[in-house]
Amino acid sequence: MLTKYPVRRAPRSAFTLAEVLITLGIIGVVAAITIPGLMATYQKKQTVARLKKAYSIVQQAVRLSQDENGEVDSWDTKLNGSQFFHKYIANYVKYQNEYTSAELKNLAPRTLLNGQAYYGTTYTTTGSSHFTLLDGSMITMNLNSGNEQGLWVGIDVNGLSKPNQIGKDTFLFFFSSQYGLRPLGEVGTPASWRYGNIYSRAVVGPKGTNGNSCAKGKTGYWCAALIMQDGWQMASDYPWKAK
């Protein structure tokens, strides 16, 4: 009588094609879900880092200028942006190019946070100065034509490069002899551009109902104030996609 022995199968050494395709499909789905979020987080951190750097450069230029031109409360804030830049700032900051508003309009037109075209005075008025720093960021200075003396100041963290959008790569400030350089929506903002005397996150942030709030459907003029109030970061509710 013959003895029957169990058949021994060779161990599997590789996945089947079907298993490989299924695995790749799962990886693709996970990547499609996670990568956009990771990219947005990275972009937001880079934007804030560049904004903080440019803001610090301007502040440093102001401090250096005071050593030769006196305290800011004695500076002539009736000068237009170009005059002010060349008198008080140009000698104390390293910059590459200077553009007029007409040049900037053709090279890099701007939009608001809500996606609408930007027609604000900071970037469009004759006599303003738009100069790029060595890292490619751009600073804008333009005279406030209202009753409160001072200059509108814009910081574009990547200069002429897109998207050139308020709250995304472009942020607005105001310089006055009383308060120095402050973000719009904070103490020092001209009365006609602030919400009474309230500067809380509830007003300037994503839940704000004012037309200038850093919120979906708004202009985004107060986005720099929101970022600074949040400790120089774009919080999880920051309106990164706000059209």
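**Rings, charges and burial**

Visitor: Why is R182 called partly exposed?

Guide: This is a predicted model, and every value is computed from it. R182 has a relative accessibility of 25%. Buried needs under 20%, and exposed needs over 50%. The value lies in between, so R182 counts as partly exposed.

Visitor: What makes E186 buried?

Guide: The relative accessible area of E186 is 12%. The cut-off for buried is under 20%, so E186 passes.

Visitor: How do you know that E186 forms a salt bridge with R182?

Guide: Their closest N and O atoms are 3.9 Å apart. The limit is within 4 Å, so the pair qualifies. Salt bridges with shared partners also join R201, D230 and D237 into one network.

Visitor: How many salt bridges are there by this rule?

Guide: The count comes to 5. Among them is the one between D135 and K53, at 3.5 Å from N to O. That pair links distant parts of the chain, 82 residues apart. D135 lies in the loop between β2 and β3, while K53 lies in helix α1.

Visitor: Why does K53 count as partly exposed?

Guide: K53 has 44% relative accessibility. D135, with a relative accessible area of 36%, is partly exposed by the same rule.

Visitor: What makes R110 and D156 a salt bridge?

Guide: Their side chains meet at 2.5 Å, N to O. The rule asks for within 4 Å, so they pass. R110 is in the loop between α3 and α4, and D156 is in strand β4. Both residues are buried.

Visitor: How do you know that the charged end of R110 sits over the ring of Y123?

Guide: That charged end is 4.4 Å from the ring centre. The distance limit is within 6 Å, and an angle limit of within 35 degrees of the ring normal applies too. K168 lies over the face of W240, at 4.7 Å from the ring centre.

Visitor: How many aromatic pairs does the structure hold?

Guide: There are 13 aromatic pairs.

Visitor: Why is the pair of W152 and F174 called edge-to-face?

Guide: The ring centres are 5.0 Å apart, and the planes stand at 70 degrees. Centres within 6.5 Å make a pair, and planes over 60 degrees apart make it edge-to-face. W152 is in strand β4 and F174 in strand β5, 22 residues apart.

Visitor: Is W152 buried or exposed?

Guide: W152 has 5% relative accessibility, so it counts as buried. F174, at 3%, is buried too.

Note on methods: Residues numbered from 1 in each chain as written. Predicted model: local features only at pLDDT ≥ 70, side-chain atom pairs only at ≥ 80, totals over all residues. Heavy atoms only, no water. Phe/Tyr/Trp six-rings, centres within 6.5 Å; stacked < 30°, edge-to-face > 60°. Helix = DSSP H or I, 4+ residues; strand = E, 2+ residues; numbered from the N terminus. Buried < 20%, exposed > 50% of the residue type's maximum accessible area, 1.4 Å probe, protein only.
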